[in-house]
Amino acid sequence: MRAAIIESIGKVSVETVPDPTPGPRDVVVAVKACGLCGTDLHILQGEFAPALPIIPGHEFAGEIVETGSEVTELSVGDNVAVDPSLHCHECHYCRSGRGNLCDNWNAIGVSKPGGAAEFAVAPVANCVKLPDHVDVRTAALIEPLSCAVRGYDVLRSTLGANVLIYGSGTMGLMMLELAKRTGAASVDVLDVNPDRLTTAEKLGVSRSAASADELETVRGWDVVVDATGNAGAIQDGLGRVAKGGTFLQFGVADYATTAVIEPYRIYNQEITITGSMAVLHSYERAAALFAGGVIDPAVFISDRLPLEQYPAALERFKAGLGRKIVVEP
């Protein structure tokens, strides 16, 4: 089969590799769509993946073409979306119900061969069968949506909150859509990319701007979400949280990124600073929301490229062009 391979830091290619073989409780998925994500860029720069080379692609969906000997839940021909998370189910965090913090955490497309290929192997337990009305070519969006659902689980938002989101890429836009559906009184979005801001405005924001300085506020925002991972945005966002408010670090920053906090202000104003790590008990809910039309795939997916152009797709994503870029083997 053909697969994209991140061979070493900064080097990616498309090569012919052996077809995958399923274990007893695995399925082989013929990948129909695989989304690119900021995590893929981190892997390319030597972060996240424990070892290279690796076949990337943790946002994917497709058709089952082979099942392991002990698989009874799904059948050849079923269209599925795949939760990439692989937990050990044995460590302290797994036993505490916090598998996303697993001491032995792995993920398809991060530490195990992923969906940027013609075929991918996944445990049957990680596969969600798609309803007939869902186009499998759009279902790669379910994984990032499941991360956004996890983000809102962490926030435990109250009705009537004023929300500020940094970044209107795929993840910022998904957080916008969920904010609108979790009772936010207002949702403001910031981005230095005017094209992306236009998309946010199309989806329906209260206000949009390149900088928070352009938005008038009496007391700050009840909820501030960084969906960029950018040090400048994070630092600015920390200072925009209202008394009693919450700052959510949702965007994935480089390992070396740092920010300065003001301990007295956090204490005196009862500010919460928290994070959201990937997927936790949220994939099936995201699949249900997706099937119910919570997001419009036509708005989110800006580019579809063949697998052979994976290196070019990654460069396009790195340049901040478009929204969700999908490769189709």
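Q: Is C37 buried or exposed in this predicted model?
A: The model is predicted. C37 has a relative accessible area of 16%. Buried means under 20%, so C37 counts as buried.

Q: How many disulfides does a search of the whole structure find?
A: C34 is buried, at 0% relative accessible area. Its closest cysteine sulfur, in C37, is 10 Å away, so a bond is ruled out. For the whole structure, the number of disulfides found is 0.

Q: Which element gives the most residues to the largest nonpolar core?
A: The largest nonpolar core has 50 residues. I142, I165, L176 and F250 have the most contacts inside it. Elements giving two or more residues include β10 (162-166), α4 (170-181) and β13 (221-226). The top contributor, with 8 residues, is α3.

Q: Which residues does I165 contact, leaving aside its neighbours within four places in sequence?
A: I165 is among the residues with the most contacts inside the largest core. Leaving aside neighbours within four places, its contacts are G172, M175, L176, V187, D188, V189, L190, V225 and A227.

Q: Which helices does the salt bridge between D153 and R285 tie together?
A: The closest N and O atoms of D153 and R285 are 2.6 Å apart. D153 is partly exposed at 26% relative accessibility, and R285 is partly exposed at 37%. The pair ties together parts 132 residues apart in sequence. The helices are α3 and α8.

Q: What is the relative accessible area of R240, which forms a salt bridge with D236?
A: The closest N and O atoms of this pair are 3.1 Å apart. D236 is partly exposed, at 27%. R240 is buried, with a relative accessible area of 18%.

Q: Which residues do salt bridges that share partners join into one network?
A: The structure holds 16 salt bridges. Some share partners and form one network. Its members are D135, R137, R304 and E328.

Q: What is the accessible area of the surface patch that includes L101?
A: L101 lies in the loop between α2 (92-95) and β7 (106-107). L101 is partly exposed, at 35% relative accessibility. With Y93 and M277, L101 forms a nonpolar patch. Together they have about 240 Å².

Technical notes: Residues are numbered from 1 along each chain as its sequence is written. This is a predicted model: local features need pLDDT of at least 70, side-chain atom pairs count only at pLDDT 80 or more; totals for chains, interfaces and linings use all residues. Side-chain values use heavy atoms; hydrogens and water are left out. Patches are made of residues with over 30% relative accessible area and no salt bridge: like charges are joined within 9 Å, nonpolar side chains (Val, Leu, Ile, Met, Phe, Trp, Tyr) within 5 Å. Accessible areas come from the Shrake-Rupley method with a 1.4 Å probe; for residues, only the protein chains shown count as cover. A salt bridge is a side-chain nitrogen of Lys or Arg within 4 Å of a carboxyl oxygen of Asp or Glu. Helices (H or I, at least four residues) and strands (E, at least two) are DSSP runs, numbered from the N terminus. Buried means under 20% relative accessible area, exposed over 50%, partly exposed in between (1.4 Å probe, protein chains only). A nonpolar core is a set of buried Ala, Val, Leu, Ile, Met, Phe, Trp, Tyr and Cys residues joined through side-chain atoms within 4.5 Å. Contact means heavy atoms within 4.5 Å. A disulfide is a pair of cysteine sulfur atoms within 2.5 Å.
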